[in-house]
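Please find my comments on this entry below. They are set out as numbered points after the display.

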Amino acid sequence: MTKFIQKMTILVIAVTGSVAVPVTSVSAQQPQSNERDGQSPALTKSAADQYLLKDDDRQLTEFQQKHQQVDQEIRIPDEDELITLLTKGSSSRSARKECLSQIPLDQMPQANRTNAEHVLKDLSMFRVLPKIHLDVNHSAYAFFIAHPDVVVSIWREMKLSEFQMWQTGPYSYEVDAGDGTVGTLEVIHQTPKETLVLCSGVYKSPLLAKPISAKALLHLQTEYFPGEDKKIDSISHQVSMYVSFPSQTVEMAAKILAPVSNAILDRNFKEVSIFMHMMSLAMERQPGWVERIAGQLEGVLPVRRPQLLKVAARVYIDAKQREAAAAAQNGAEPSRFVPPKPIDVISQTGNQIPRQLPRDLKVQPVSRAQSPQ
């Protein structure tokens with residue numbers, strides 16, 4: 001987990017550099033040509049045709065290309081510039097009581113409720129992670145929440161993590177952390193404002209006589225704040241985590257190590273939040289980079305690549321609309337943009353919120369994630 005946090009920090013530096021550096025700096029190893037600022041011709045032409053964008057709005061002038069400082073130093077923004085910490089993480093009894101009362105067990109099918117209660121009735125560890133506010137386009141955020149395997153594939157493509165995730169069903173995933181940890185994830189309840197995920201995993205190591213198994217319930221709660229005019233969308237989100245260890249020995253060891261593991265978990269969530277923010281910025285400023293990444297993703301369904309491109313185009317257009325609105329307020333020519341249609345990424349049904357899961361859905365761990373007999 002410590003390696004994961006270190007690699008997430010590298011991710012911030014990498015994405016920040018790709019967004020903040022001028023095009024001539026980013027593509028210094030490529031021959032100079034009349035390229036757009038991070039756009040691919042296909043994406044920009046599609047956006048222009050659909051939303052009446054001016055081509056010169058995205059075209060670097062010859063003067064700018066010649067006078068940009070190729071070797072200028074990249075300033076890595078501070079964490080406080082990227083996200084805002086609203087509340088700190090906690091493992092107190094009062095926090096646990098409050099979080100437990102917020103789990104929508106009464107809104108879940110009986111099978112999913114039974115699986116969730118199985119963890120809650122044999123609770124070994126609890127942690128509510130920090131509540132974080134960040135600027136992020138709502139379409140981008142919803143897409144990544146609905147398709148976490150795409151996030152993992154982006155990390156892997158950027159050589160930032162060996163973590164792997166495969167979608168094995170409409171709401172189920174199989175994971176392999178690359179360190180001996182394998183398991184399954186099942187989305188047992190999801191609306192635009194909250195997501196409940198049931199996790200089942202096993203850790204195996206030559207240093208351990210027996211594998212360590214655990215079950216966990218993750219509750220993500222999200223508040224959406226729409227941007228207006230020149231303001232970007234923003235959200236506030238928080239995760240409550242409930243863990244059950246079948247072994248009392250493992251549970252005792254986990255409690256001893258709780259101060260360290262809690263700090264790592266809190267930091268982990270901050271890094272993921274920063275990733276969301278930086279990916280939204282990349283879509284706004286260099287969707288061509290996102291398009292190149294999308295074309296190289298592995299371990300995801302083929303349909304996810306065009307979906308990611310569609311979201312990137314939407315985020316880019318939203319940003320251009322804000323720029324046009326700001327220009328209009330300053331007395332410039334009014335915006336000619338056609339308001340984009342909203343993307344219902346989470347429900348994928350348009351009129352059905354929340355998504356209805358099958359009533360007979362049960363969480364079954366994959367065979368390779370089970371402890372050996």
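1. The model is predicted. Its protein chain has 13 helices and 9 strands. Of its 373 residues, 48% count as buried.

2. The accessible surface of the protein chain comes to about 19900 Å², with 53% of that belonging to carbon and sulfur atoms. Taking contacts between residues at least 6 apart in sequence, 70% join residues at least 24 apart.

3. The whole structure holds 8 salt bridges. One of them joins the side chains of arginine 267 and glutamate 79, at 2.3 Å from N to O. This pair links distant parts of the chain, since arginine 267 lies in helix H11 and glutamate 79 in helix H5, 188 residues apart. Arginine 267 is partly exposed at 29% relative accessibility, and glutamate 79 is partly exposed at 24%.

4. Glutamate 223 and lysine 131 meet in a salt bridge of 2.8 Å, N to O. Glutamate 223 is partly exposed at 37%, as is lysine 131 at 22%.

5. Arginine 322 forms a salt bridge with glutamate 284, the closest N and O atoms being 2.8 Å apart. Arginine 322 is in helix H13 and glutamate 284 in helix H11, 38 residues apart. Arginine 322 counts as buried because its relative accessible area, 13%, is under 20%. Glutamate 284 is buried at 11%.

6. Glutamine 296 sits in the loop between helix H12 and helix H13 and is partly exposed at 41% relative accessibility. Its C-alpha is 8.8 Å from that of isoleucine 154, although 142 residues separate them in sequence.

Definitions and conventions. Residues are numbered from 1 along each chain as its sequence is written. This is a predicted model: local features need pLDDT of at least 70, side-chain atom pairs count only at pLDDT 80 or more; totals for chains, interfaces and linings use all residues. Side-chain values use heavy atoms; hydrogens and water are left out. Helices (H or I, at least four residues) and strands (E, at least two) are DSSP runs, numbered from the N terminus. Buried means under 20% relative accessible area, exposed over 50%, partly exposed in between (1.4 Å probe, protein chains only). Contact means heavy atoms within 4.5 Å. Accessible areas come from the Shrake-Rupley method with a 1.4 Å probe; for residues, only the protein chains shown count as cover. A salt bridge is a side-chain nitrogen of Lys or Arg within 4 Å of a carboxyl oxygen of Asp or Glu.
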